[in-house]
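Visitor: Hello! Could you show me how to read a structure, one feature at a time?

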Amino acid sequence: LQKVYGDLHIHIGSALGRPVKITASRQLTLHALIFEIAPRKGLEVIGIVDAGSTLVSAEIEQLLESGEMAEHVHGGFLARNGVLVIPACEIESREGVHLISYLPSLASLKKWQKYMKSRLSNLTLSTQKADAGIVDIINLTYMLEGLFCPAHAFTPHKGIYGFLTDSIAAQIGQEIKMIKALELGLSSDSDMADTVAETRDFTFLSNSDAHSAGNVGREYNLFQIRDKSFKEIQYSIECKEGRRIVANYGMDPRLGKYHRSFCLECNKIAEGKGPVLECECGSKNMVMGVHDRILQIRNYELPHHPLGRPPYNYRVPLKDIPGLGPATLKKLMAGAQSEIDLLENTPVQWIEKAAGPAIAGIIGTMRTGRLPISPGGGGKYGKILKNNSNH
Ligand SMILES: [Zn+2]
Ligand SMILES: [Zn+2]
């Protein structure tokens with residue numbers, strides 16, 4: 001078995017010269033992702049969550065026809081450079097939550113589109129609201145031999161726990177058994193999610209939800225699989241035959257832009273223990289933070305990890321490290337195979353020589369622990385605090 005890094009939630013900005021995801025960067029094309037961005041980041045598996053768009057699926061077909069990638073017999077598309085592309089469809093359900101269906105093949109993608117044709121108003125755009133409920137989408141994914149995963153589960157912005165319900169079991173009944181994966185989202189981690197009892201049967205995914213090249217791989221997973229195919233990724237999520245996710249790598253939840261509740265009246269990010277449901281100014285007009293939401297719905301005060309829950313390692317994306325500009329990054333990349341390799345493996349002494357003690361200190365500290373951070377909320381990201389004196 002081998003270990004590979006993967007990010008299973010990446011958006012496409014444009015395909016065939018037309019917009020796919022309105023909020024995503026137009027430069028973020030399928031071709032650039034596979035052949036430039038993924039190798040630079042060090043990602044060998046990428047999940048493209050806009051594959052349901054007819055524009056993106058047409059580009060997928062072009063790449064298959066030109067031989068730049070090929071369908072694997074066990075699912076997924078293997079590009080010539082060794083990157084495995086998992087086609088996926090992020091959709092907003094009738095209940096208003098974001099759900100991802102990972103699919104094995106072009107044929108299953110076509111069937112997904114056929115099903116959605118009458119349920120979506122625009123099949124070229126991604127993450128649209130569908131006239132289909134959560135259970136319908138679970139069922140569809142299962143029929144297509146895909147893998148179902150609630151996206152950014154705890155965020156106030158269309159996350160299943162953040163926006164809709166305290167309990168998926170209460171919401172959908174025994175169909176919860178069909179759910180194997182749960183995406184944590186940028187503002188939560190395994191410790192937080194494992195205070196909610198029913199998450200113990202889910203494998204956690206830490207994905208970037210990138211809408212621009214710079215954000216690809218800001219969260220990632222380390223998969224232990226045999227070869228790169230859809231089936232192996234599915235097995236790793238279902239923990240079959242030694243396949244598993246060895247570790248999650250994600251932003252410190254406090255860096256997430258929805259970590260704490262945020263008052264829309266006085267624009268203040270909540271402080272103190274929480275859950276904060278009402279601002280000091282007396283207003284209840286708040287965007288609920290992920291931290292505050294989890295405190296509200298949790299079953300345990302401390303995390304109850306199921307056996308074999310992988311470690312969650314806190315990472316700050318390179319571009320968010322204070323003082324690390326493009327020139328320094330270029331110098332640093334001379335000593336690493338990819339950005340992930342730089343974050344994970346490059347000796348700290350080498351980083352110190354190339355970029356100075358402050359940056360070496362931050363990277364060294366994040367490999368073993370947590371950095372001091374002032375939390376984010378209400379759409380603003382948290383920040384690393386300057387006085388990083390523990391080096
Ligand atoms: Zn989403
Ligand atoms: Zn998304």
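Visitor: Are Lys 41 and Glu 339 buried or exposed?
Guide: Lys 41 and Glu 339 are both buried. To judge this, look at the relative accessible area, where buried means under 20%. Please keep in mind that this is a predicted model.

Visitor: What do Lys 41 and Glu 339 form with each other?
Guide: They form a salt bridge, in which the closest N and O atoms are 3.1 Å apart. This pair links distant parts of the chain: Lys 41 belongs to helix H1 (residues 30-41) and Glu 339 to helix H11 (residues 339-344), 298 residues apart.

Visitor: How many salt bridges does a search of the whole structure find?
Guide: The search finds 18 salt bridges. One of them is between the side chains of Arg 309 and Asp 194, at 2.9 Å from N to O. Arg 309 sits in the loop between helix H9 (290-297) and strand E16 (312-314), and Asp 194 in the loop between helix H7 (190-193) and strand E11 (203-205), so this pair ties together parts that are 115 residues apart in sequence. Arg 309 counts as buried because its relative accessibility is 14%, and Asp 194 counts as buried at 1%.

Visitor: Where do Glu 232 and Arg 243 lie?
Guide: First, their side chains meet in a salt bridge of 2.8 Å, N to O. Glu 232 is in helix H8 (residues 230-238), while Arg 243 is in the loop between H8 and strand E13 (244-250), so the parts they tie together are eleven residues apart in sequence. Glu 232 is buried, with 3% relative accessibility, and Arg 243 is buried too, at 8%.

Visitor: Let us turn to the metals. Which residues are the protein donors of the zinc ion (ligand 2)?
Guide: To read a metal site, start with the atoms that hold the ion. Here they are His 9 (NE2), His 11 (NE2), Glu 90 (OE) and Asp 209 (OD), lying 2.1 to 2.4 Å from the zinc ion (ligand 2). Along the chain, these donors follow the spacing H-x1-H-x78-E-x118-D.

Visitor: Why is the site of the zinc ion (ligand 2) irregular?
Guide: Angles are the thing to check. Ideal angles are 109.5 degrees for four tetrahedral donors. Four donors count as tetrahedral only if all angles lie between 85 and 135 degrees. The angles among the four donor atoms here are 79 to 168°, and the site is irregular.

Visitor: What coordinates the zinc ion (ligand 1)?
Guide: Glu 90 (OE), His 98 (ND1) and His 152 (NE2) do, at 2.1 Å, with the spacing E-x7-H-x53-H. Glu 90 coordinates both zinc ions, which are 3.4 Å apart. Glu 90 and His 98 are both buried.

Visitor: And which strand is His 9 found in?
Guide: His 9 is found in strand E1 (residues 2-10). Its side chain makes a polar contact of 2.9 Å with that of Glu 183. His 9 is buried, with 0% relative accessibility, and His 11 is buried, also at 0%.

Visitor: Finally, which residues form a nonpolar patch on the surface?
Guide: Tyr 142, Met 143 and Met 178 form it, and together they have about 350 Å² of accessible area. Met 143 lies in helix H4 (residues 134-143) and is exposed, with a relative accessible area of 60%.

Technical notes: Residues numbered from 1 in each chain as written. Chains lettered and ligands numbered in written order. Predicted model: local features only at pLDDT ≥ 70, side-chain atom pairs only at ≥ 80, totals over all residues. Heavy atoms only, no water. Donors = N, O, S within 2.8 Å, 3.2 Å for Na, K, Ca; no water. Tetrahedral: all angles 85-135°; square planar, octahedral: opposite > 155°, others 65-115°. Buried < 20%, exposed > 50% of the residue type's maximum accessible area, 1.4 Å probe, protein only. Patch = residues over 30% accessible without salt bridge, like charges linked within 9 Å, V, L, I, M, F, W, Y side chains within 5 Å. Areas by Shrake-Rupley, 256 points an atom, 1.4 Å probe, with all protein chains shown as cover. Salt bridge = Lys/Arg side-chain N within 4 Å of Asp/Glu carboxyl O. Helix = DSSP H or I, 4+ residues; strand = E, 2+ residues; numbered from the N terminus. Polar contact = N/O pair within 3.5 Å; in protein donor to acceptor, adjacent residues only side chain to side chain.
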